[in-house]
Amino acid sequence: MMPRSLLCATTVLLMAGAVACSSSPKGVKDGCVKLRVAVSPELLAPLKAVSGSACGVTFAAQPPGKVADVLAGTLENPGLPAPDVWIPDSSLWIATARRTDEGAQLVPAKGTSLASSPIVWGVPAALAVKMASSPQKPAWRMLLPAKVSNTAAAGPALAIPDPGTSATGLSTLIATQQLSGTGKAGLQRYATALLAVRSLAVKDVGTALKSPKPTIGIMSEQAALASGGKIIVANPVEGTLSLDYPYLVTTGDEAKRKAAETLLGTVRKVDFGKAGFRTAAGRAPAGVSPLTGIDAKGPKRLAAPDPEKTAKIRKIWNRVQLGARLLEVLDVSPSMAQNVPGTTTARIAALTRQIREGFVLSPDFVSIGLWEFSTRLDGRRHYRELAPIRKLGAGSGASKHRDLLVRKIDAARPVQGSYTGLYDTILAAYREVKRAYQPDVYNTALIFTDGMNQNPYGGLSLARLLKTLKAEYDRTAPVSVVIGAYGPDIDEEPLRRIAAATNGQVYVSKDARQTQRIFQDLLVRMLCDGTDCPSNP
């Protein structure tokens with residue numbers, strides 16, 4: 001009979017094979033404990049070198065995000081069994097797997113790092129030559145623009161792996177958050193950055209780099225090395241984060257756990273440097289040419305991700321994906337023809353200029369509608385629809401919804417001889433947003449006015465409006481009323497009571513040119529609220 005040690009060595013499964021033997025009778029075949037090991041795809045090749053001291057282990061390349069969902073038990077039809085050992089590309093996936101009780105029982109809070117690879121900017125070799133003399137160096141702060149823009153920046157495009165499915169992409173969000181600044185201004189900058197990242201996110205960076213337009217990709221240092229010189233590494237000037245490839249035992253079976261511990265000793269002996277990985281401590285692969293752009297000492301390091309803050313970042317990224325629904329309602333009563341104090345600019349001109357800029361700069365996935373109001377604009381109604389709530393990017397060419405909004409806001413004029421049917425309009429706008437409420441999206445009626453309710457035709461009283469809003473407000477499907485109030489005629493107290501009835505907000509200013517502040521605050525409210533915001537100390 002073949003000796004047991006030889007039997008183990010010859011039954012290695014090189015689907016990408018490795019080995020582990022145990023004397024436990026449970027799950028044993030020919031003296032070997034069967035282990036299913038899910039690994040991040042780039043680890044599969046170096047793990048094929050594992051052999052010798054164990055058997056019955058099968059490695060399979062599987063996307064870390066999907067494995068995390070399998071272990072958490074959140075997939076109805078996962079299509080693959082839960083692994084006994086899991087080696088994702090980053091410890092950032094651990095919290096995703098442990099978000100349920102089932103996952104928390106299977107997945108340890110920390111693993112043993114087998115290798116590492118910094119997150120870098122990968123520049124195609126031909127483009128790197130052209131950029132060599134440029135004074136501008138790669139920096140995460142390039143993703144922190146002063147304001148939202150839906151137009152492409154000059155220079156090479158930037159491709160970022162989807163943060164929802166890629167630890168490299170999520171690391172990009174974490175890095176920009178750390179550098180966004182403190183307080184409300186920091187949150188506003190970060191919210192703006194998230195919209196920028198959403199427009200740059202791609203499923204596959206490698207494919208994006210093949211685009212005719214010069215493109216730089218966010219990737220791991222190892223992925224750049226694996227290109228064989230086609231991609232040159234550029235390190236962000238502020239520092240970066242790294243993938244850490246943790247080894248995680250994810251089975252409750254005692255025999256398999258013992259076999260998995262034995263396997264760990266084996267895989268830690270693998271020379272991952274041959275495949276372009278650094279050691280867990282950050283030592284560079286041997287013999288790497290400086291022409292690759294790699295610094296043997298490694299790039300500067302940003303602070304290690306905070307688990308609680310990372311969870312908040314994941315949450316607001318999911319909200320970014322969904323966008324927002326806004327119904328913007330413009331006061332066109334006669335007082336809007338008066339000039340902004342100290343200028344020759346009418347209130348309506350100053351306000352519509354700011355609103356127009358919001359339409360132009362907001363991303364295509366945001367949905368916006370437009371009304372105007374005074375009194376009796378549409379039969380007995382005090383408001384008139386100028387454009388329905390639709391995504392700004394809907395349509396094509398010059399017939400996009402954004403273009404319609406711009407034309408309508410440019411044409412807005414005060415209606416002489418009318419009054420201000422504010423309360424009736426607020427309730428109608430609230431109900432319109434609520435009528436087509438979309439879950440998980442920030443649903444808001446945004447009212448711009450320069451005065452108080454003046455309705456000689458009767459209509460709602462303040463008390464009746466407040467009672468109705470409180471009765472109709474649904475915390476499980478919230479719609480907020482946000483009011484931008486301008487000028488010396490504002491009666492602030494009732495407006496605050498109206499906004500409070502729907503968990504909204506009032507912004508009071510003497511100058512309609514400060515409207516941009518409302519849009520900045522709305523952007524933060526769209527993504528997070530209070531304790532959900534990942535702020536810096």
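The structure is a predicted model. Its largest nonpolar core comprises 105 residues, and another core, of 31 residues, lies apart from it. Helices H15 and H16 have axes that come within 10 Å, while Glu221 is buried.

**Nonpolar cores**

- Within the core of 105 residues, the residues with the most contacts inside it are Leu47, Trp86, Tyr247 and Leu330.
- Beyond its neighbours within four places in sequence, Leu330 contacts Met336, Ile348, Leu351, Thr352, Ile355, Trp371, Glu372, Phe373, Ile409, Ala412 and Phe448.
- The separate core of 31 residues includes Phe373, Tyr383, Leu422 and Leu469.
- In soluble globular proteins, nonpolar side chains tend to be buried together.

**Helices H15 and H16**

- H15 spans residues 422–435 and H16 spans residues 462–472; their axes cross at roughly 10°.
- H15 is therefore roughly parallel to H16, as angles under 35 degrees are classed in this way.
- On the H15 side, the contact involves Tyr423, Leu427, Tyr430, Arg431 and Lys434, which meet Leu462, Leu465, Thr468, Leu469 and Glu472 of H16.
- By residue class, this contact of H15 with H16 consists of 6 nonpolar, 1 polar and 3 charged residues.

**Glu221**

- Glu221 belongs to helix H10, which covers residues 221–225.
- With a relative accessible area of 1%, Glu221 counts as buried, because the cut-off for that class is under 20%.
- Excluding residues up to four places away in sequence, Glu221 touches Ser117, Pro118, Val120, Val233, Arg278 and Ile294.

Conventions: Residues numbered from 1 in each chain as written. Predicted model: local features only at pLDDT ≥ 70, side-chain atom pairs only at ≥ 80, totals over all residues. Heavy atoms only, no water. Core = buried A, V, L, I, M, F, W, Y, C linked by side-chain atoms within 4.5 Å. Buried < 20%, exposed > 50% of the residue type's maximum accessible area, 1.4 Å probe, protein only. Contact = heavy atoms within 4.5 Å. Axes fitted to C-alpha atoms, helices over the stretch in contact; angles between N-to-C directions. Helix = DSSP H or I, 4+ residues; strand = E, 2+ residues; numbered from the N terminus. Parallel < 35°, antiparallel > 145°, perpendicular 65-115°, else oblique. Nonpolar A, V, L, I, M, F, W, Y, C, P; charged D, E, K, R; others polar.
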